[in-house]
Amino acid sequence: MLKPTRTIVLLLACAAILPAAGCARNKAKGDTAYVARDVSSLYAAAKRLMDQGDYLQAAKLFDEVERQHPYSVWARRAQIMSAFNYYLAKKYTDSVSSANRFLTIHPGNAEAPYAHYLVAMSYYQQIADVTRDQAVTQQASDAFGELIRRYPDSRYAADARLKLDLINDHLAGKEMEVGRFYERSGNWLAASLRFRQVVDQYQTTSHTPEALERLVECYLALGIPDEAQKAAAVLGRNYNGTYWYKQAYKLMGKAPHPREAAASTKPQG
């Protein structure tokens, strides 16, 4: 679970000693009704709701801090806490919106790396299995990549790199799933393009050995054994102890030598 930084924890601790105020809500829509309150009361009420596990209402009250007191120091603090509570409430779209608003207004703030991390994690939590559309997976990949690029030495960068490895494996898995479908349909060229994508862009993932073996299959089916031999050579050089190398070795043993294949295609006479 994501945890607020030490700065945020200290701010919440300070808020706990401030006067508490009730939470006026619009019961028809579930939104927080506008009731003018001093900033310390609003912040303390939001913090109390968060402590009680009512993350959605806490997020809405943190939004109220910004809405009613936009120029106060508390507004900046409330923005990041709003994003954090929307995340805990699994309202990921709202969490991304709040975190991005914070980054737009306070790009150089000390909590900017954490805001980027919230954005990335909000996308990450929405990743579906490989049979579904992977648009949100790509968004998570882009967000973690941006975090690493901007803040390579931050406390969140190491976890971002780990998550990025998992995401790349997931995206490679999607390419493999589509490639296998094309291969089963006899669409060898389309299948080879998918497998080549895995080898070129996701070469550090667990899917690379299979992708290379599938390329051997596709190239042989397309009548280009020289390309099949190249794929098999890469497979043998890097993954010679795998099941996929053994399969490729069997296939290449049955395939004609590239020079023989080329000679057989020359016109006679």
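Guide: One definition is needed at the outset: a residue counts as buried under 20% relative accessible area, as exposed over 50%, and as partly exposed in between. Please also keep in mind that this is a predicted model.

Visitor: Is Arg-214 buried or exposed?
Guide: Arg-214 is found in helix α10, residues 208–221. Its relative accessible area is 17%. The cut-off for burial is under 20%, so Arg-214 is classed as buried.

Visitor: Which residues does Arg-214 touch, leaving aside those up to four places away in sequence?
Guide: Arg-214 belongs to helix α10. With residues up to four places away in sequence not counted, the residues it touches are Met-176, Arg-180, Glu-183, Phe-195 and Trp-244.

Visitor: Where does Val-65 lie, and what is its relative accessible area?
Guide: Val-65 lies in helix α3, which covers residues 55–68. Val-65 counts as buried, and its relative accessible area is 0%.

Visitor: How many residues apart in sequence are Val-65 and Ala-78, and what is their C-alpha to C-alpha distance?
Guide: Ala-78 is among the residues that Val-65 touches, a list that also holds Val-39, Leu-42, Tyr-43, Pro-70, Trp-74 and Ala-75. In sequence, Val-65 and Ala-78 are 13 residues apart, and from C-alpha to C-alpha the distance is 6.4 Å.

Visitor: Where is Lys-90, and is it buried or exposed?
Guide: Lys-90 is placed in the loop between α4 (73–88) and α5 (92–105). Although Lys-90 is not a glycine, it has a positive phi of about 65°. Its relative accessibility is 62%, and the cut-off is over 50%, so Lys-90 counts as exposed.

Visitor: What does helix α7 span from its first C-alpha to its last?
Guide: Helix α7 comprises 16 residues, 135–150. At 1.5 Å a residue, 22 Å would be expected, and the helix comes close to this, with a reach of 23 Å.

Visitor: Within what arc do the buried residues of α7 fall?
Guide: The buried residues in α7 are Val-136, Thr-137, Ala-140, Ser-141, Ala-143, Phe-144, Leu-147 and Ile-148. Their cover includes α6 (112–124) and α8 (157–184). Seen down the axis of α7, these buried residues line one face of the helix, because they fall within an arc of 165°.

Visitor: How many aromatic pairs are there, and what is the arrangement of Tyr-114 and Tyr-156?
Guide: The count comes to 11 aromatic pairs. In the pair of Tyr-114 and Tyr-156, the ring centres are 5.6 Å apart and the planes stand at 45°, so the pair is tilted. It links distant parts of the chain, 42 residues apart: Tyr-114 is in helix α6 and Tyr-156 is in the loop between α7 and α8. Both residues are buried, and the arrangement asked for is tilted.

Visitor: What are the relative accessibilities of Phe-181 and Tyr-182?
Guide: Phe-181 and Tyr-182 form a tilted aromatic pair, 5.9 Å centre to centre with 55° between the planes. Phe-181 is partly exposed at 45%, and Tyr-182 is partly exposed at 25%.

Conventions: Residues numbered from 1 in each chain as written. Predicted model: local features only at pLDDT ≥ 70, side-chain atom pairs only at ≥ 80, totals over all residues. Heavy atoms only, no water. Helix = DSSP H or I, 4+ residues; strand = E, 2+ residues; numbered from the N terminus. Buried < 20%, exposed > 50% of the residue type's maximum accessible area, 1.4 Å probe, protein only. Expected span 1.5 Å × (residues − 1). Arc of directions from axis to C-beta. Contact = heavy atoms within 4.5 Å. Phe/Tyr/Trp six-rings, centres within 6.5 Å; stacked < 30°, edge-to-face > 60°.
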